[in-house]
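Reader: Hi! Could you walk me through a couple of spots in this model?

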Amino acid sequence: MSWQKERIDMNVYSQGEVDRWVYSTCNLCSVGCGCHIAVKDDHIVGIKGNGQHPINRGRLGPKGENQWQANNSPDRLLSPMIRRAHGELEPASWDEAMELITSKIRKARQEKGSNSIAIYSTGQGFLEDYYTIAKIGRAGLHTHLLDANTRLCTATTEFCLLQSFGADGTPASFDDVDVCDTLMLFGHNVAETGTVLHERIMQRKQRTGKPYIIAVDPRRTLTARQADLHLQLRPGSNVPLLNGLIHLILKNGAADMKFIEQYTIGFDEMKSSVQEWTPDRAARETGIEERTLYEAARVLSETPSLVTTTLQGAFQSADATTSCVAINNMHLIRGLIGKPGSGPLHMAGQPSSSANRTAGGVGTYPAHRNPMNPAHLKEMGQLWNVDPMTLPAGPEKGIEEQLEMMEREEIAVFWNIGTNPMVSLPNRQRARRALEKVFVIMQDHFLTETAKVADVILPAAMWGEKEGTMENADRTINLLRKAVDPPQNVKTDFDILLDFAKRMDFRDRDGNPLISYQTPEEAFEEWKTVSAGRPCDMTGITYEKLEQSNGLRWPVNAENPEGTPRLYTDLKFHTSPDYAQSYTKDEFTGRALTHEEFAAKKAHNRAILYATRYNPPAESPDEQYPFWITTGRLVWHWHTRTKTGRSPYLQMAAPHGYAELHHEDARQLGVIEGEVVRVTSPRGWIEVPVKISDVVQQGLIFVPFHFGSWEGHQAANELTADFVDPLSKQPTFKHCAGRINKLRRQHTVVEGESAAYIAEQYGLQPADLLKINQLDTPYSIQTGQSLEVPISVLSVPLQPYAPQRSSYTGKTNRDD
């Protein structure tokens, strides 16, 4: 373990001692930090890190330290709401709201069929919720339209794992990060998106000099600045970079041919696909110097162990699945998988998005079963005691495909649980128009932007007010105990789902209620029987054991009673057609393969190497839109700020959106720090202040995606394109084309007005006034002259943040 000692981070506001501390897990990023919730007078009043939890040893990130404050926000939803005939949302009783929902769903099934109902959930719920969604959705409603905002976040994790290894479940874990010689952070700004994990990495780096860190990112983020090698590629060029690196690894003779021949298939096709990617061509496409590519390839060729992490920079870019498959290829050709310190660690973004995939709340069936395999459907029918012929089958449909179905009026009811699509979906004006065509149920804690399109709103309990389990990015199942009751008239997601199933009178084939469990722990016990014998086997887990062990990594069963640090140690992959979670997809078109096509590969428990051909982004800069636009997270906020925006500290640290420009682009445009500009793409526009830095490369605009009120004109997803990866169907948020327009007014100089006087009238510094008007000195201003001034200048008070409490200097205390 990297941690040498615990450090208990704490944020508590209480008069006097707290009454009790309740065992829990952080409910924000996917690192999965253990914590305890402070309770005073039956209210949550703070949080402290769990010093015994191996993930964090007591440390918490800034969002985690402040997450509890949203629970006490005065604008909590405390009653169901219904949109009345006059168009306004008004309070309603639970009975009225639930009866309206059930009547709409019954009518939709009768008139348009079961697949006219979609359930769209979150990556911040509990495994027990997701399992219940899977059971209600497939065995009760018989709909295959189950998806979640994980489609926007980390769907590519799942699909690259299915392609290469036959089943979901990231092979490496945080334990491997602790011992690897080389760590490649590919599109993963871990310093801001997983602050505690970054501190864990950098503490080891400071102590031992390892790992050697390669950061791949178009921006010079804090992560990139603390790396040993920064590959600052152009947007949309992930595949050219990886193909160029693999080309050089093969040229260096670093391929483990014995491993390849014994444990993989498809090497010749993969090798052929990278032959054309010479260092010269890769450098031209990526913008990275050849010498830098050679150095990266040298390290990757020589390292005895390697962990590669990925996040949105890989998942939300063009050819997302191809890029991540290329990373899997790189590990496989070097034989760096299934042993300590080696393997791909394709991250999750949200605290429990992995659990949603595992439990079947999204595309595939529970416990990594294949929705195209009749034997798997038969098995689910037996486990649920329903007719397997009634279970929906075939390829899943992601949220972007569901929007198309709404536009064609094929979907009648859209149940939105715990997410805010009216800020998070790309090209959100199009998404709003689609959602306005259907009956929308919104289940949330607050009136978010999605309330604008909601017909019924259900108030849901928050973190600390319910019990259940979550699965973090490295397969660790964590327990969250209930600390307090939710506010009066507020229900948990779990209880809402059980109430719905009861009202719909879902039955198994013996006439018994389809949902027989009453508590989350009872649901987990049923889930365990469903997981038995599958890759994510959890038959050896109990709630009590999770709390005693501070989390366990699946599989946990008789063979692995203490969990499994890494997968595929026996080098047997889940690619047998009868066992695999997927028959995979065509790597270029995204078409789902049949059983016969997959069986013809003859993988026989070997990993699959793929050709990784490059398809340029569907949209790129041109004369009308000369800039790249990319979006991303800030360390201070989470997703659409539903919770973090209600923390005074976090809101103060980053109160509004901005457009970050390279200083040379700002100079050429003649804009100044804080000047409000209009950023426009082919889909829409926003008006935000400019932040000038050397973090972004020239020709690139960075816009944080957290801000999205309908009135504020700061939503990054007014700009983003809704193109999707052909395999994972994940939108390409990371690059679209755009331009910047200055918003100026004219000031005519009156006799006696000085530069300092004029600047003061508009909240400017005199030097900025001169810069805007390309004047050398204040004395250049003449009476009657027309000067340009911005319509508005705002400060961009983005607080600096160092995720390590002691900064890494690059010096080591001792050799490893």
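Author: Happy to; we can look at a strand and then at a threonine. This is a predicted model, where local features need pLDDT of at least 70, side-chain atom pairs count only at pLDDT 80 or more, and totals for chains, interfaces and linings use all residues. Residues are numbered from 1 along each chain as its sequence is written, and side-chain values use heavy atoms, with hydrogens and water left out.

Reader: Great. Why is strand β7 largely enclosed by the rest of the structure?

Author: Because 5 of the 5 residues of β7 (residues 117-121) are buried, meaning under 20% relative accessible area with a 1.4 Å probe, protein chains only. Strands here are DSSP runs of E, at least two residues, and helices are runs of H or I, at least four, numbered from the N terminus.

Reader: And which way do the residues of β7 point?

Author: Ile117, Ile119 and Ser121 point one way, while Ala118 and Tyr120 point the other way. In a regular strand, side chains alternate between the two faces of the sheet.

Reader: Which strand is joined to β7 by 4 bridges?

Author: That is β15 (residues 413-417), running parallel to β7; Ile117 has Val413 as its bridge partner there. Pairing takes at least two DSSP bridges between two strands. β8 (residues 146-148) is also parallel to β7, with 3 bridges, and Tyr120 partners Asp147 in β8.

Reader: Switching topic: is Thr156 buried or exposed?

Author: Thr156 is buried, at a relative accessible area of 0%. Thr156 sits in helix α5 (residues 155-165).

Reader: What does Thr156 touch?

Author: Leaving out residues up to four places away in sequence, Thr156 touches Phe315, Ala320, Thr321, Cys324, Ser728 and Gln730 (contact means heavy atoms within 4.5 Å).

Definitions and conventions. Buried < 20%, exposed > 50% of the residue type's maximum accessible area, 1.4 Å probe, protein only.
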